[in-house]
Amino acid sequence: MIVSKRLAFFGFFVLLLASGVYAQKTKSQLEQEKRENLSKIAEAEKILSDTESEKKATLGQLRALNQQIEAREGLISALNQEVGLLNGEINDLSIVVNALQSDLKNLKQEYAAMIYSSYKANHGYSKLTFLFSARTFNQLYMRLKYLEQYADARKIQARQIEEVSRELDAQRNQVEIKRSEQKTLLNQQLAENRKLINLKTKQSGLVQELTKKEKELKKELADRKQAVDRLDNLIAEIVRKELERSKTLSSTAIANEDEISASFESNKNKLAWPVSSGFISSKFGKHPHPVMKGIMQDNPGVDIQTQKDESVKSVYDGKVIQIAYVPGMYNVVILQHGEYYTVYSRLKEVNVKKGTLVKRAQPLGAVHTDTNGVSEVHFEVWKNYAKLNPEQWLSPK
């Protein structure tokens, strides 16, 4: 039957909707994005509260605020996409509902026409009169078969009407459920937009306050550059000594070093984060200063703003090759992983010793918190003398 085929098609069509074939991202993917952004927002709020306790405008506050704004924008984007996904589902379901309504109308018309045709054919007689008015036995038999076929056809038609009616009710119910979800999402979207506006207003005020402190910010930038240069020199000297030492190694020892290097390299984009919570507050390489126009910063690693007293951990198995104190960078731990080195600085304390073999995620010390209430670890990755972008090595967060 045509209607049965059409019902099968609608069933397949609804399955496509449920599986998210027509969406670039599925509902579950968007839900995951929302959860991740909510987690980032909560994390940034906690870090911001640490810096705000000092009651003065700082770059740490601005970076935490920027992270909140970025996460909030990501959340709103996921909400927008989910609303769009629901709009598409509601439109598609409406097409199904309209088609089912049309089928139901046609089925009812066909059913009515069938009864009317039967009535006309029998001239309004009862079934018994119709049967026994036959002139011959053969005619009686043919009329009996006709009535049986007619009864079967009516049953099939009635069953199809019931099936289409049930499917129509189910699809209408789905439309109502989707509209209810859509309303909830639109309310969430509105609330998040209001929060985003408040955050951007706060951000604008904080930038204005920091702009008035340009002299202080320039000194802070100069001090940081000196501290980075001192750390660079320390690392370069360690690399030089290790390269000299490698010249005296046996072939077995060299093979072992190569194996360690290969193991580290195979974990690119999979390394553990040096802190459990936090966000990258300053990226690798050259980028504009967040407040002072025309001023560029050059970062040999990444800065990760985190919570007070956060444990700083090894990103991978390695050997503690150096522990030092560098002015401006505080306590520094350098791990060796064959020809690779990971550097952890701005630690207030260190709880490992030089020469120790450490495992992935093993605590090395605790993060330093400055006078502005900012807790930030500086992390670098080197391959011999080459400085690498740590974001390309750490696992996605």
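Helices α3 and α6 (214-246) each supply at least two residues of the lining of the second largest pocket, helices being DSSP runs of H or I with at least four residues, numbered from the N terminus. A pocket here is an open set of points on a 1 Å grid over the protein atoms alone, where a 1.4 Å probe fits and protein lies on both sides within 12 Å along at least five of seven lines; lining residues have an atom within 4 Å of a point. With seven residues, α6 gives the largest share of this lining. The lining has 25 residues in total, and Glu220, Arg224, Arg346, Asp370 and Glu376 lie nearest the centre. By class, seven are nonpolar, nine polar and nine charged; Asp, Glu, Lys and Arg count as charged, Ala, Val, Leu, Ile, Met, Phe, Trp, Tyr, Cys and Pro as nonpolar, and the others, Gly among them, as polar.

The model is predicted: local features need pLDDT of at least 70, and side-chain atom pairs count only at pLDDT 80 or more, while totals for chains, interfaces and linings use all residues. Residues are numbered from 1 along each chain as its sequence is written, and side-chain values use heavy atoms, without hydrogens and water.

The largest pocket holds about 790 Å³ of space, a volume being the space filled by probe spheres set on grid points joined across faces, edges and corners. Among its 28 lining residues, Gln67, Glu70, Phe279, Ile280 and Lys283 are the closest to its centre.

Ser49 belongs to helix α2 (residues 27-52). Between Ser49 and Gln307 there are 9.7 Å in space, C-alpha to C-alpha.
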